[in-house]
Amino acid sequence: MKLENILDKLGSIEKNSFIKIIDNIISKNPKNRKEIDKILSSSDKGLKSVDNQNITKIFALTAGEFQEHIKCEFQEITSQLDILIDIIIRDGNCIMKRDWFSRLYDTEIKRLKSRINILNVDFENDKSELSATRKRDYKIYKACLHRAYQNDVENNRDAKITSDELSIILTLSRQLGLSQEEVKLINYSILPIKKIDIQEVIKGLKNIGVIFFSNKENTIYVADEIVRMLRRVREKEVAEKFYRRTLKLLREPIINQISREHNIDRKLTYSQKIEEIIKEGVSFTSLLLEDIYKQGSTLTEKKKTLNELCEKGLNISNLKGSVLEDKISSLIEHFENVERDEKVGISLDGFDKLLSELNQSLPKFNKQIKEQFEFQEEYVLKADFLLDYNIKPRDILDLIIKPDLTKFIRDNGIKQRGDDILNILEHYKDVENLYLENFENVAYRNLNMLKENGITVKESELGLKFEELTKVIFKSLGFNVDEAFKNRLNNKKDMMDILLNLDNEEIIIVECKTSKEKGYNKFSSVSRQLKSYQNLALKNNLRIVKILLIAPEFSDDFVTDCEMDTEMNLSLITASTLLNITEAFKTSKYKEFPHVLFRDIVINEDRILKALSK
């Protein structure tokens, strides 16, 4: 769930710890201080009186400093932050009742204690499955960590790992190729785990700003933005769902090779080994740099394998970078963009239908999803419910084993040739709604994101598609999109995109512009175009109530030029603003959008949303 949505659910006391941390960051003159001051200038009572939307913006501006604040908390080695954060960043754990969190914490402590005992036995047992090299790696790391901890004890200080020590230990663990789980087990074999009272755990996490706790609902919330930040702190480069998607493309011998390297039981099933690799916290970058290749592979062979994995397996082409490390960074960035994108990949109705038919075809599927994501609720196959946890159709389908996937496809008359998952997504998507959900991606001509969200379209078609979608939106706002009248007015030289007929010889002219570049910045050319449309309408004795220009965004220079123009009644509106206005209109009292609200130079979304909600 997004940070703003969580803040909307909470009272001022429940937000207080989080606000205090941001206030403290602001007092220390952060990097983006000027932008923060612009937001705060509208409030004379400081951060506490700022609305939730602007608190979210300020959090984004202080994200770097906030992340450093969390890293500092890791120096307190008795805090168990690594255990707790690893629980709350798992897919499905961003919303939890207090008692459910307590149960997960208890289970994790018991599991770790059991595995520490096994590891300690393996250290001493010459016949254990641990190789001599791996034992050596473990002993080196353990000895270094023990020395860092013992330094403080011997000097009669509180036992802490300093930031310098921590950076050295983390570097050592990476160089030895240890997974996060291996690091955790060795850490807690030196410093025994003591179970903390769950109320103290919640209070501690709340005080450092990583969770919110609703007293009324007795529920813990972890914002999507904070989950991503905590993942970076824990050096988990991608979400579990993307890690799983990548691992499932690997043949079992490679999965066995990775399992052997990280002391995972190779007698487990293929799917179980994949889940264990994810739980181990094996570095995604390390996996793609070293672990997925046959022994003795050359650099050229590794590049070829990675390219095939991305292009044929993950259906991602044109990843940036020529060297292996750059390609991996580009893949991680791609997954981050997909995760931030709020689009579902199929329409919401299509997602609900998919879940309903999965439940009919695979009776144990609800239980599987419930257990996979550690949900407390009994029935979880609901689109709205899963989207609150940022779990999308593709993430669900990735969990289905091949025989069940084949059965589901046969049961529901889905195309059987080609990629099974892509065929299922295609079967359940409502094309018009799906395009509308991706309106901003069309505006930005973002082919990669459109492809990820289940839309295949040629780049040459995006301009026309944006225009068609804009027409659909204005129709849904109650306007008369008069194609016949527009065609009578247009000539070979002047061809306006959209004409809204308000009757009584009054019209609104709408122009649509797509752009890959950030900040649409072509005022001189577009103004000449719009003035020619204006002259065409005036020659036909029409009154132009408004000219609207729709684009993904506008540069400051473009806005300034527009403000200086005295010849046109022009307003600028971004694609995201138009879409948000449309969503708000659906639940408003109006049958037709009151066009008088289009009166700013740059349309003020907040003002219009407030007006529609009255």
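Me: How are H7 and H10 oriented relative to each other, roughly parallel or roughly perpendicular?

Reply: Two packed helices are described by the angle between their axes and the distance between the axes. Here the axes of H7 (residues 98-124) and helix H10 (residues 180-190) come within 9 Å and cross at roughly 80 degrees. H7 and H10 are therefore roughly perpendicular to each other. Angles under 35 degrees count as roughly parallel, over 145 as roughly antiparallel, 65 to 115 as roughly perpendicular and the rest as oblique. Axes are lines fitted to C-alpha atoms, for helices over the stretch in contact, with angles from 0 to 180 degrees between N-to-C directions. Helices (H or I, at least four residues) and strands (E, at least two) are DSSP runs, numbered from the N terminus.

Me: What should I keep in mind about the model itself?

Reply: This is a predicted model: local features need pLDDT of at least 70, side-chain atom pairs count only at pLDDT 80 or more, and totals for chains, interfaces and linings use all residues. Residues are numbered from 1 along each chain as its sequence is written, and side-chain values use heavy atoms, with hydrogens and water left out.

Me: Which residues of H7 and H10 meet?

Reply: Contact means heavy atoms within 4.5 Å. On the H7 side they include Arg 111, Leu 112 and Arg 115, and on the H10 side Lys 184, Leu 185 and Tyr 188 are among them. By class, this contact of H7 with H10 has 6 nonpolar, 2 polar and 5 charged residues.

Me: How do I read the sheet, and in what order do its strands lie?

Reply: Strands of a sheet pair through backbone hydrogen bonds, either parallel or antiparallel. In this open sheet of 3 strands the order is E1-E3-E2, with antiparallel pairing. Strand E1 (95-97) and strand E2 (212-214) stand at the edges, each with a single partner strand, so one side of each has no neighbour in the sheet. Two strands pair if DSSP finds at least two bridges between them; E2 and E3 (residues 219-221) are joined by 3. Within that pair, Phe 213 stands opposite Ile 220. Helix H7 packs on this sheet, touching E1, E2 and E3, and its direction makes about 95 degrees with that of E1.

Me: Is Ser 330 buried or exposed?

Reply: Buried means under 20% relative accessible area, exposed over 50%, partly exposed in between (1.4 Å probe, protein chains only). Ser 330, in helix H18 (residues 324-340), counts as buried because its relative accessibility is 8%. Not counting residues up to four places away in sequence, Ser 330 touches Leu 319 and Lys 320.

Notes:
Ala, Val, Leu, Ile, Met, Phe, Trp, Tyr, Cys and Pro count as nonpolar, Asp, Glu, Lys and Arg as charged, and the others, Gly among them, as polar.
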